[in-house]
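Hi everyone, thanks for coming. Let's take a look at today's structure together, and I'll walk you through a few parts of it.

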Amino acid sequence: MMRDGAPKTIYRKDYLSPDFLIDSVELAFDIFDGRTRVSSKLHIHRNGANNAPLVLDGEALEIVGLKIDGRELDQTDFRYVHGKLTIMDVADQFCFEAEVDIVPEENTSLEGLYRSRTMYCTQCEAEGYRKITFGLDRPDVLSTYTVSLTADKANCPVLLSNGNEVSRYDAENGRHTVVWHDPHPKPSYLFAIVAGDLEVVSDTFTTLSGKVVDLRIWVEAKDIDYCAHAMRSLQASMRWDEERYGLEYDLDLFNIVAVDDFNMGAMENKSLNIFNTSCVLAHPDITTDLGYQRVESVVAHEYFHNFSGNRVTCRDWFQLSLKEGFTVYRDAEFSADMNSRGVKRIEDVAFLRTHQFAEDAGPMAHPVRPDSFIEISNFYTMTVYEKGAEVVRMLNTLLGDDAFYRGAKLYFERFDGMAVTCDDFVDAMQEASGKDLSQFRRWYEQAGTPIISVDATFNEASGQLDMTLTQRNPPTPGQDSKPPLHIPVALSLLVDGKHHEFGGGQTEQVLELTNESERLSFTGLSKAPVVSVLRGFSAPVRLEFEQSQDDLVSLIGFDDDPYVRWDASQRLAFEAIDDGTGHLAADYVDALRRVLDGSSEAAMKSQLLALPTEASIADRHAQVGLVDVHAIHSAKMRVAAALGTGLREELTDIVSAGMASAEVYAPSAAQIGQRALVHTALSLLVASDASWLATARELYFAATNLSDRLCAARLVVHHGDEVHRAEVLQHFFDRWKSENLVVNQWFVMQSTRPAPSAVQDVMALTEHEAFDWRNPNKVRSLISSFAGANPVAFHSSDGSGYTLLGDAVRRLQSGNPQIASRMLAPMTRFRRYAHGQDQMRAELESIAALKNLSQDVFEVVQRSLGDD
Ligand code: TRP
Ligand code: ZN
């Protein structure tokens with residue numbers, strides 16, 4: 001195994017506080033081409049009454065020398081095996097020094113210190129620091145860092161670390177040194193350095209109390225014109241956190257660095273955030289509308305971590321959702337305030353319901369706060385992030401804004417500078433609100449998606465509505481029976497298209513479901529109401545509620561909750577798709593026609609019109625049987641065709657108006673909504689009649705922004721004939737080949753073409769000059785989108801899609817275990833499918849049998865194969 005001898009399961013219940021603490025860390029990096037020497041000096045003191053030896057983390061470090069209190073250690077003084085350096089008999093307080101050599105140029109895992117193109121950068125979360133030098137690489141050891149960086153001045157004019165620059169001077173042989181000091185104690189996972197030839201875009205932010213903060217975005221010269229949107233987003237986030245949470249930035253400098261080779265989206269290192277270029281650069285030529293919104297939300301997410309994560313951090317990695325769930329909730333609320341709140345909520349719910357629900361129903365299911373793991377990198381999941389955010393949202397719903405923000409304030413004050421647990425967070429909320437949250441805590445403990453079934457009967461004579469709500473919590477691996485959860489269910493009643501008043505002008509009630517089953521009644525109703533339930537998606541649950549087509553049509557037309565309207569339209573679409581004939585109920589088409597003719601914002605119209613993703617249809621089917629992705633695809637295409645035909649006039653008007661628009665591109669919520677509606681309309685028209693591909697081709701050549709261009713190109717590539725497909729692909733590549741991020745989209749549009757022959761295309765593209773196995777964005781664009789977003793090709797009946805993914809995992813798993821392990825997700829749920837189970841299992845078994853299997857991939861494969 002890569003790390004630690006045999007893969008070892010770590011349990012939350014085994015947590016022990018550290019035997020030693022490190023007050024301060026002094027680091028010196030001497031960067032040369034092909035070798036970097038790292039010198040570190042740790043001021044350590046004992047943290048318990050025991051006589052434990054000193055055990056430091058350090059992975060694949062070449063030791064040059066070790067000292068304790070200035071005395072050089074020899075081979076007999078220490079033991080260095082399996083990533084642990086053990087020194088017996090140390091004093092209660094001492095200074096440890098290490099000199100080690102590492103080779104960032106050969107680091108393909110992109111954890112620790114590595115080289116990306118011309119720059120050096122670090123990624124320490126979760127356990128990358130130990131690949132740089134020795135330390136106590138766990139989040140509950142907080143130290144102040146002083147960092148000196150020395151490198152060639154011509155190649156690496158820019159040398160950055162956390163905190164403030166304290167000095168800089170030239171050294172011999174054309175080298176120079178810059179020294180940084182971060183006054184805020186932090187865990188090793190928030191440490192970072194960057195060295196390279198970077199250009200900078202600078203601006204400032206003035207805090208509420210009048211302090212001026214320097215903001216700097218560092219990029220390679222080629223990307224210097226793409227930073228404005230990230231800068232605006234950063235300033236908006238800083239303001240938002242002051243206004244909403246009363247949190248003011250705590251240093252004089254905030255840096256963002258854009259890196260091409262990066263395992264995830266971005267990283268919140270204290271005052272030195274490091275970003276995947278895909279999450280920070282933006283320009284109409286290289287960024288779609290969704291891309292603009294993603295940059296805004298990721299910049300905000302990382303900035304918000306400065307408090308939820310950095311000033312108050314996690315005690316251990318089982319508490320990961322403490323910082324991630326809370327921060328995702330914070331960034332979602334920020335995005336809602338910056339754009340259309342209702343549409344943002346719908347997008348997030350759609351994502352959670354398809355992807356997190358599937359995770360929770362598969363072999364990797366785990367609680368928001370996991371109980372065990374082999375490799376923590378495998379637990380940066382939709383459950384920890386997105387479901388974790390839903391848990392915080394439920395707290396907000398149950399407590400109300402006043403108590404919730406008081407709880408947040410108490411949390412940030414009480415635990416400032418500390419490493420704490422999810423329980424500490426809930427304690428603060430409980431104390432601030434006086435509400436008993438003991439049952440609510442089960443949301444952190446229990447994996448799986450609860451199911452709420454609703455039963456409603458109306459008594460005409462008495463004007464009374466009786467409802468029964470029942471929750472079920474199905475078993476997940478390792479958790480057989482689960483007690484009921486504390487679930488907020490927001491509810492409203494519509495009578496004659498108007499929201500019924502419950503009293504005091506209230507049209508919504510939040511019912512707190514705590515028992516397995518709960519009955520409630522509403523009286524004084526003049527006629528049978530339409531029930532609007534789980535409003536705002538008030539809890540991350542599946543809802544079983546039979547409602548008539550008439551009721552769903554009313555909800556779409558009259559409900560004031562965007563989520564409920566959207567969910568009703570999805571339910572009608574699900575019914576139409578499951579029907580399989582491609583024949584649509586007139587009511588459904590009429591309801592959508594009224595939406596298009598009505599006054600909803602364009603983005604909302606687009607959401608109501610768009611058919612469910614194939615992944616979300618699959619997730620529903622998996623609830624009742626096996627999934628046939630091919631049948632789903634054809635049924636959905638038939639419904640799309642019928643909708644395109646049924647709404648031809650309205651859709652044609654939308655497309656014509658869109659194509660005639662001469663507005664200058666802006667990533668404003670209004671424009672983004674307009675374009676989304678045009679794209680949805682054109683897709684339905686193309687599905688109904690291939691002659692619309694001529695319009696798509698026209699839009700491709702006329703487009704002035706990547707959103708239009710990409711939508712048009714995708715339609716031609718996915719649905720056009722070979723000649724037009726080749727024409728657009730060639731033109732697109734020739735025009736944009738110098739822009740990595742655009743080329744990635746070019747890969748995605750080919751890897752997601754819904755036809756079995758896409759398998760050969762993807763295979764051929766792995767040999768393309770623009771493809772690079774070492775760059776995670778390229779691998780994600782070509783391989784992960786293929787396996788995750790092209791069910792028709794991935795599940796092609798000859799099994800070639802599975803082999804393709806298996807080969808990719810085998811190829812990457814030792815070089816970049818994090819990427820290989822994530823890539824596997826679509827195959828881990830092989831038991832869901834009506835086809836290919838044996839072939840997928842065989843691929844997993846062949847991976848399991850690899851020598852030198854990384855523990856990341858080992859854990860995922862082992863859990864997927866389960867008891868087989
Ligand atoms: N903490 C980061 C975030 O959510 C994500 C992260 C975790 C990460 N591990 C990583 C990013 C490894 C890059 C590489 O904002
Ligand atoms: Zn995060």
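**A walk through the model**

Helices (H or I, at least four residues) and strands (E, at least two) are DSSP runs, numbered from the N terminus. UniProt, in an unreviewed entry, places the feature "domain: Peptidase M1 alanyl aminopeptidase C-terminal" at residues 550-865. UniProt positions are in the numbering used here, feature names are shortened, and annotations may be inferred rather than shown by experiment.

A quick word on the ground rules. This is a predicted model, where local features need pLDDT of at least 70 and side-chain atom pairs count only at pLDDT 80 or more, while totals for chains, interfaces and linings use all residues. Residues are numbered from 1 along each chain as its sequence is written, chains are lettered from A and ligands numbered from 1 in the order in which they are written, and side-chain values use heavy atoms, with hydrogens and water left out.

Now compare residues 49-190, listed by UniProt as "domain: Aminopeptidase N-like N-terminal" in an unreviewed entry. That span is 0% helix and 52% strand, with its end C-alpha atoms 29 Å apart.

His301 sits in helix α2 (residues 289-304) and Glu324 in helix α3 (residues 320-338), so the pair ties together parts that are 23 residues apart in sequence. Are His301 and Glu324 buried or exposed? Both are buried, meaning under 20% relative accessible area, with exposed over 50% and partly exposed in between (1.4 Å probe, protein chains only).

Next, ligand 1. Polar contacts are pairs of N or O atoms within 3.5 Å; within protein, one must be able to donate a hydrogen and the other to accept it, and residues adjacent in sequence count only if both atoms are side-chain atoms. An oxygen atom of ligand 1 is 2.6 Å from a side-chain N or O atom of Tyr385. For His301, an oxygen atom of ligand 1 is 3.4 Å from a side-chain N or O atom. Lys323 has a polar side-chain atom 3.4 Å from a nitrogen atom of ligand 1.
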